[in-house]
Amino acid sequence: PRHIYLSRHGESMYNVSGKIGGDSDISPQGWQYAKALPDLVRQNIGDGPLEVWTSTLQRTIQTGSFLPFEHKTWKSLDELDAGVCDGMTYEEIEEKYPEDYEARDEDKFNYRYRGGESYRDVVVRLEPVIMELERQENILIIAHQAILRSLYAYFMALSQEELPYIKIPLHTLIKITPMAYGCHEERYPLPI
Ligand code: F6P
């Protein structure tokens, strides 16, 4: 069977400071994950070719940089655009845009950041990626929290209400195997 592997980028400097969005580098911990990823992948993939897809953002490219496979970058895999809130912490957003903060909490799937995107927008822009994914063999996607929630929800047939809350931890490789009915899933955290 073919497999689809999903991983968030290694911890970024923005992750460390609690800021959202941006295009920061990965942290020393993030580099540890990047260096461990080739072994984690090798131990958990079957035979057959593998292609690595990243976003255009540095943190995903850096995370994939030690993987000896063909690489492809997709703008459509870039993280949900937080618009005017890009680069802020959740506390700063709550203070500066309290109504938006509340509105997002009310309906996280449909809430669109000012000058940015909603989860619904992300799901729409991922359609071409999913179409291509369905035509391919083994693919490892290194992307971002909101992007991977959307892809994961597609394969696991989760609802729009659940989607924005799916747990996609850092430093964990997720293996999805499409079956006749639904998908099988395994998770491999970075061994420490
Ligand atoms: O904090 C990391 C991050 O990828 C942000 O860049 C992004 O805005 C956020 O997660 C998405 O998660 P949530 O929709 O829960 O805010």
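## Starting with burial

A residue is called buried here if 20 or more other C-beta atoms lie within 10 Å of its own, exposed if 12 or fewer do, and partly exposed in between, with C-beta atoms placed from the backbone. Take Asn 15: it is buried, because 20 other C-beta atoms lie within 10 Å. Asn 15 is found in helix α1.

## What kind of model this is

This is a predicted model, in which local features need pLDDT of at least 70, side-chain atom pairs count only at pLDDT 80 or more, and totals for chains, interfaces and linings use all residues. Residues are numbered from 1 along each chain as its sequence is written. As for pLDDT, that is the predictor's confidence in each residue, from 0 to 100. The mean pLDDT of the protein is 96, and 98% of its residues reach 70 or more. For the complex, the predictor gives an ipTM of 0.99 and a pTM of 0.97.

A word on names: helices (H or I, at least four residues) and strands (E, at least two) are DSSP runs, numbered from the N terminus. Two residues are in contact, or touch, if their C-beta atoms, placed from the backbone, lie within 7 Å.

## The sites listed in UniProt

UniProt, in an unreviewed entry, lists His 9 and Glu 79 under "active site". UniProt positions follow the numbering used here, feature names are shortened, and annotations may be inferred rather than shown by experiment. His 9 sits in the loop between β1 (4-8) and α1, and counts as buried because 28 other C-beta atoms lie within 10 Å. Glu 79 has its place in the loop between β3 (70-73) and α4 (90-96). Glu 79 is buried too, with 24 other C-beta atoms within 10 Å. Setting aside residues up to four places away in sequence, His 9 touches several residues, including Ile 26, Arg 59 and His 144. On the same terms, Glu 79 touches Gly 21, Leu 57, His 144, Ala 146 and Ile 147.

The unreviewed entry also lists a "binding site": Arg 8, His 9, Gly 10, Glu 11, Ser 12, Met 13, Tyr 14, Asn 15 and Arg 59. These are spread over 52 residues of sequence but cluster in space, with a largest C-alpha distance of 14.0 Å. One of them, Glu 11, lies in the loop between β1 and α1. Glu 11 is buried because it has 21 C-beta neighbours inside 10 Å.

## Ser 24, a loop residue

Is Ser 24 buried or partly exposed? It is partly exposed, because 18 other C-beta atoms lie within 10 Å. Ser 24 is in the loop between α1 (13-17) and α2 (28-44). Beyond its neighbours within four places in sequence, Ser 24 is in contact with Ser 12, Met 13, Tyr 14 and Arg 59.

A nonpolar core is a set of buried Ala, Val, Leu, Ile, Met, Phe, Trp, Tyr and Cys residues joined through C-beta atoms within 7 Å. The largest one here has 34 residues, and those with the most contacts inside it are Tyr 5, Leu 6, Leu 140, Ile 141 and Ile 147. Elements giving two or more residues to this core include β1, α2, β4 (138-143), α8 (145-156) and β5 (172-178). Leu 6 touches Ile 141, Leu 148, Leu 151, Tyr 152, Ile 174 and Ile 176, not counting residues up to four places away in sequence.

Helix α2 has 17 residues and reaches 24 Å from its first C-alpha to its last, close to the 24 Å expected at 1.5 Å a residue; the expected span is 1.5 Å times one less than the number of residues. There's a bend of about 40° at Ala 36, with a proline, Pro 38, following within four residues. That bend is the angle between axes fitted to the seven residues ending there and the seven starting there. The buried residues of α2 are Gly 30, Tyr 33, Ala 34, Leu 37 and Val 41, and what covers them includes α3 (58-63), β4 and β5.

Most residues other than glycine have a negative phi. Ala 157 has a positive phi of about 55° although it is not a glycine, and phi of His 171 is a positive value near 55°. Ala 157 counts as exposed because it has 8 C-beta neighbours inside 10 Å, whereas His 171 has 22 and counts as buried.
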